[in-house]
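This briefing covers cores, helices, a pocket and backbone geometry in one protein model. The sequence and structure come first, and the notes follow by topic.

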Amino acid sequence: MSNEIESVLHETRVFPPPQDFVKQANVSGQAAYQALLDESDRDPDGFWGRHAREHLTWRKPFTQVLDESKAPFYKWFGDGELNVSENCLDVNLKNGNANKVAIIFEADGGEVKKVTYQQLYELVCKFANGLKSLGYKSGDRSVIYLPMSIEAVVAMQACARLGITHSVVFGGFSAKSLHERITDVGASLVITADEQMRGGKAITLKPAVDEAFAMGGCEAVRHCVVYKRTGGKVAWDAKRDIWMHELADNQSAECAPVAVNAEHPLFILYTSGSTGKPKGVQHSSGGYLLWAKLTMQWVFDAKPNDVFWCTADVGWVTGHTYITYGPLAAGLTQIVFEGVPTYPDAGRFWKMIQDHKATIFYTAPTAIRSLIKASEANAAHHPKSFDLSSLRLLGSVGEPINPEAWMWYHNNVGGGRCPIVDTWWQTETGGHMITPMPGATPLKPGSCTTRLPGITAAIVDETGGDVEAGHGGFLVIKRPWPSMIRNIWGDPDRYISSYFPSELGGYYLAGDGAQCDKDGCFWIMGRIDDVLNVSGHRLGTMEVESALVSHELVAEAAVVGRPDATTGEAVVAFVVLKRSRPEGDEAIAIGKQLRDWVAKEIGPIAKPKEIRFGDNLPKTRSGKIMRRLLRVVAKGEKVTQDVSTLENPAILDQLSSPV
């Protein structure tokens with residue numbers, strides 16, 4: 001176990017929920033939390049069924065809560081029917097929220113646009129009617145490749161309204177990554193934009209779509225709908241391409257929501273796996289939406305007068321659950337922003353909280369760590385230079401937050417008065433799993449604390465047996481829950497082997513190593529597979545290795561992660577070229593060339609932080625690359641492990657110098 005994990009497990013700072021917060025909390029006090037836990041443990045079906053009836057509007061009521069007959073292909077509320085968009089929009093028109101602001105959008109350049117629930121409903125209905133006029137219907141699949149915008153939410157909600165399964169691709173991904181997703185999901189529709197704005201610069205999107213189409217295999221795509229974000233010049237295929245505004249403008253502002261089965265795939269979102277091919281994580285409609293709404297109320301303590309701000313991109317699951325669906329289902333006003341936290345300067349987040357009177361702020365440790373540096377360097381950009389008194393709750397997402405960053409966040413952004421919900425969850429879980437209940441849970445900096453009601457999280461050994469408190473093991477969920485992954489799109493065998501390995505006896509394997517302390521608080525230790533967590537984004541080492549090896553100069557590559565103060569984990573690549581090992585300026589030039597190549601093949605987030613060149617890679621005599629030794633080298637530590645099985649131990653010295 002690493003020294004860092006040992007130190008956080010000895011964390012003695014504990015922050016009880018502030019009494020003023022407890023008094024008004026949706027789950028108020030430890031006894032209320034325990035009552036929910038006890039109910040969910042005693043009668044899971046009754047617990048989930050009660051919440052599904054209370055929190056969702058059903059077109060056809062369900063009679064069966066959980067169908068386990070084909071486990072692990074679980075079905076929740078499987079004979080019920082509903083529409084997700086109706087539960088996010090129509091219900092708000094009926095309950096008096098029609099004129100309430102749904103979205104405050106702040107563009108990269110600072111321009112602000114607000115839409116009410118009535119206006120958002122009409123935008124969604126018009127676009128849905130436009131898609132319907134093109135022949136799209138329930139069961140079709142769309143790929144959405146859009147910048148952060150009201151239009152991105154509209155596109156996702158319009159698909160949900162018609163029963164079209166969407167697959168959103170992050171705008172930073174390359175044409176090749178886009179092509180993989182279009183072809184794997186079998187999309188017949190692509191929704192994109194001419195360009196996106198990021199840090200004051202226009203970045204093209206549609207050209208990447210055109211490039212993906214040119215790679216072949218996308219013949220199923222009948223239309224490419226384009227949102228005019230910048231007016232930048234783009235190539236145009238009159239038979240396939242259509243402007244979003246032209247498609248929607250003359251349509252009716254009413255569109256009846258299509259009732260779908262609770263198990264109907266709402267979306268497929270691709271996530272990195274330990275092998276090269278991304279996994280299409282398939283999520284349902286009913287169970288997913290229930291958990292999105294419940295966690296808004298439990299974890300974020302959502303109230304009608306809240307202004308909620310999740311800083312994620314809709315290209316990730318956080319942006320699905322806690323931008324497009326959860327806040328709207330909860331009837332909140334939320335902030336959506338385009339751009340980066342450091343443009344036009346590093347005070348942007350704090351100024352936006354001040355300007356829009358945000359009450360709940362949910363961001364990633366990477367953003368917090370980068371802003372600590374920037375704000376300590378310039379007092380004008382420090383949170384204390386802004387009025388953040390509107391805040392009442394803070395959140396953290398994407399990766400574990402180190403205790404000192406937690407303390408800075410708590411003291412400087414929350415003024416020492418705001419609970420921090422450090423949320424552990426995954427693309428596959430659909431929503432929060434282990435996290436504080438802010439009105440009930442004592443907080444420990446660096447720990448995601450305790451399980452939510454209905455979530456049977458545990459730490460087990462390699463045979464599925466429970467481990468003692470304070471000992472490391474595999475993080476598992478012992479019972480199914482409504483928002484869980486339903487399948488890997490088109491690959492049920494991989495679904496079973498990835499998440500329900502037979503040796504664990506049917507438990508869901510999260511893929512994270514963790515420990516649980518004597519107080520029952522969980523501490524996440526990192527991935528147990530070859531998946532890196534860079535700035536909260538999951539990257540398969542195999543994906544990056546495959547991209548490197550596809551370059552004409554590269555013979556072999558091995559990729560590992562090392563701790564990084566800003567991004568949490570950094571990509572370190574060890575590369576063997578097809579020619580002699582470069583040195584000096586030549587090594588720097590080739591290193592830059594390979595970094596840019598990875599950015600083109602996968603996306604900028606996958607760029608190696610370091611590239612190290614060697615005549616070979618450390619291998620056993622049987623030819624296996626010793627990645628555990630490379631991890632030690634990448635950290636700059638001395639190799640103390642036994643290297644007698646290595647064919648070429650001297651290579652470790654050669655690989656110790658980064659470019």
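**Nonpolar cores**

The largest nonpolar core has 164 residues, and those with the most contacts inside it are Trp48, Phe77, Leu120, Phe127, Ile182, Leu475 and Val575. Helix α7 gives the most to this core, with 10 residues. The model is predicted: local features need pLDDT of at least 70, side-chain atom pairs count only at pLDDT 80 or more, and totals for chains, interfaces and linings use all residues. Residues are numbered from 1 along each chain as its sequence is written, and side-chain values use heavy atoms, with hydrogens and water left out.

- A nonpolar core here is a set of buried Ala, Val, Leu, Ile, Met, Phe, Trp, Tyr and Cys residues joined through side-chain atoms within 4.5 Å.
- Buried means under 20% relative accessible area, exposed means over 50%, and partly exposed lies in between (1.4 Å probe, protein chains only).
- A second, separate core of 30 residues includes Ile104, Trp309, Ile368 and Leu388.
- Tryptophan 48, listed among the residues with the most contacts inside the largest core, touches Val65, Trp76, Phe77, Leu290, Trp291, Leu294, Pro453, Gly454, Trp481 and Pro482, not counting residues up to four places away in sequence. Contact means heavy atoms within 4.5 Å.

- Helices (H or I, at least four residues) and strands (E, at least two) are DSSP runs, numbered from the N terminus.
- Of the 13 residues of α7, 13 are buried, so the helix is largely enclosed by the rest of the structure.
- Glycine 163 follows α7 and has a positive phi, near 80°.
- Helix α15 (residues 403-413) is mostly covered, with nine of its 11 residues buried. The buried residues are Pro403, Ala405, Trp406, Met407, Trp408, Tyr409, His410, Asn412 and Val413.
- After α15 comes glycine 415, whose phi is positive, near 60°.

**Second largest pocket**

- On a 1 Å grid over the protein atoms alone, a pocket is an open set of points where a 1.4 Å probe fits, with protein on both sides within 12 Å along at least five of seven lines; lining residues have an atom within 4 Å of a point.
- The second largest pocket holds about 410 Å³ of space. Grid points are joined across faces, edges and corners, and the volume is the space filled by probe spheres set on the points.
- Its lining has 21 residues, of which Gly171, Gly172, Phe173, Ser174 and Pro604 lie nearest the centre.
- The elements that give two or more residues to this lining are α8 (175-185), β9 (195-198), β10 (201-204), α9 (206-214) and α18 (584-601). The most come from α18, with three residues.
- By class, the lining has 10 nonpolar, six polar and five charged residues. Ala, Val, Leu, Ile, Met, Phe, Trp, Tyr, Cys and Pro count as nonpolar, Asp, Glu, Lys and Arg as charged, and the others, Gly among them, as polar.

**Cis peptide bonds and positive phi**

- A cis peptide bond, with omega about 5°, joins alanine 71 and proline 72. Proline 72 is in the loop between β1 (66-67) and β2 (75-76).
- The peptide bond from tyrosine 343 to proline 344 is cis, with omega near 5°. Proline 344 is in the loop between β17 (333-337) and α13 (348-356).
- Phenylalanine 77 is a residue other than glycine with a positive phi, near 55°. Phenylalanine 77 is in the loop between β2 and β3 (81-82) and counts as buried, at 0% relative accessibility.
- Threonine 449, also not a glycine, has a positive phi near 65°. Threonine 449 lies in the loop between β20 (420-422) and β21 (457-460) and counts as buried, at 0% relative accessibility.

**Two loop residues**

- Serine 188 lies in the loop between α8 and β8 (189-193) and, at 8% relative accessibility, counts as buried.
- Valine 639 is in the loop between α19 (627-634) and α20 (651-654) and, at 25% relative accessibility, counts as partly exposed.
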